[in-house]
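Here is a report on the fold and packing of one protein chain. Please look over the model before reading on.

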Amino acid sequence: MSQNKAINAASFREWFNQSLGEETRLQIHKHGADQHLFEGYGGESVLYDRFTEEVWEIVMQGESSLASALGDGDLGCLAWLRSAMVLKASDKLAAERYGGPSAPTESGAAASL
């Protein structure tokens, strides 16, 4: 059984900038975040639980509703929602870092939970 990497950051933004390399952040900007990026940290749910309030703030910035922020998906499924929120927050932070709109969140991956 593999050990998850420690999350020592005080914020999701800090974790994103310190834990993911430049190439990974650029790939998120170009193609969108996917679940495999977060496996070494225990998955999106661990990051969501640790940084819930900030993840919501990042995702909802400039959005009129949760549905407009996340698109199609099972908003009634907590596992899907937690995953989709972390993926979308990552997409938005990458777009903020590199400019331009965020890449589409890989909702298919999150929806398959």
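The text below goes from the overall fold to the core, and then to individual helices and their packing.

**Overall fold**

The model is predicted. The protein chain has seven helices and zero strands. Along the sequence the pattern reads α-α-α-α-α-α-α. The protein chain has 113 residues, and 41% of them are buried. Take the contacts between residues at least 6 apart in sequence: 69% of these join residues at least 24 apart.

**The nonpolar core**

The largest nonpolar core holds 28 residues. Within this core, F12, W15, L47, F51, V55, L70 and M85 touch the most other members. The largest share, nine residues, comes from α6.

Leaving aside residues up to four places away in sequence, F51 touches I7, A9, A10, S11, F12 and W15. Two of these partners, F12 and W15, are also listed with F51 among the core residues that touch the most other members.

**Helix α4**

Which residues of α4 are buried? They are E54, V55, I58 and V59. These residues cover an arc of only 130° around the axis, so they sit on the same side of α4. An α-helix has 3.6 residues a turn, so residues three or four places apart point the same way. The cover over the buried residues of α4 includes α1, α3, α5 and α6. Just after α4 comes G62, with a positive phi of about 80°.

**Helix α2**

Helix α2 spans residues 22-31. R25, I28 and H29 are its buried residues. Viewed down the axis of α2, they fall within an arc of 100°, and therefore line one face of the helix. The other side of α2 has E23, K30 and H31 exposed. What covers the buried residues of α2 includes α1 and α6. Just after α2, G32 has a positive phi of about 90°.

The table gives the geometry of each pair.

| Helix pair | Angle between axes | Distance between axes |
|---|---|---|
| α1 and α6 | about 70° | 11 Å |
| α2 and α6 | about 105° | 8 Å |

How are α1 and α6 oriented to each other? An angle of about 70° lies between 65 and 115 degrees, so α1 and α6 are roughly perpendicular. Their crossing is right-handed. On the α1 side, the contact is made by F12, R13, F16 and N17. On the α6 side, V86, A89, S90, L93, A94, E96 and R97 take part.

The second pair falls in the range from 65 to 115 degrees too. At about 105°, α2 and α6 are therefore roughly perpendicular to each other. Here E22, R25, L26, I28 and H29 of α2 meet S90, D91, A94, A95, R97 and Y98 of α6.

Some residues turn up in more than one place. R25, I28 and H29 are buried in α2, and they also meet α6. In α6, S90, A94 and R97 take part in the contact with α1 and in the one with α2.

Note on methods. Residues numbered from 1 in each chain as written. Predicted model: local features only at pLDDT ≥ 70, side-chain atom pairs only at ≥ 80, totals over all residues. Heavy atoms only, no water. Core = buried A, V, L, I, M, F, W, Y, C linked by side-chain atoms within 4.5 Å. Buried < 20%, exposed > 50% of the residue type's maximum accessible area, 1.4 Å probe, protein only. Helix = DSSP H or I, 4+ residues; strand = E, 2+ residues; numbered from the N terminus. Contact = heavy atoms within 4.5 Å. Arc of directions from axis to C-beta. Axes fitted to C-alpha atoms, helices over the stretch in contact; angles between N-to-C directions. Parallel < 35°, antiparallel > 145°, perpendicular 65-115°, else oblique. Left-handed = near helix turned anticlockwise from the far one by under 90°.
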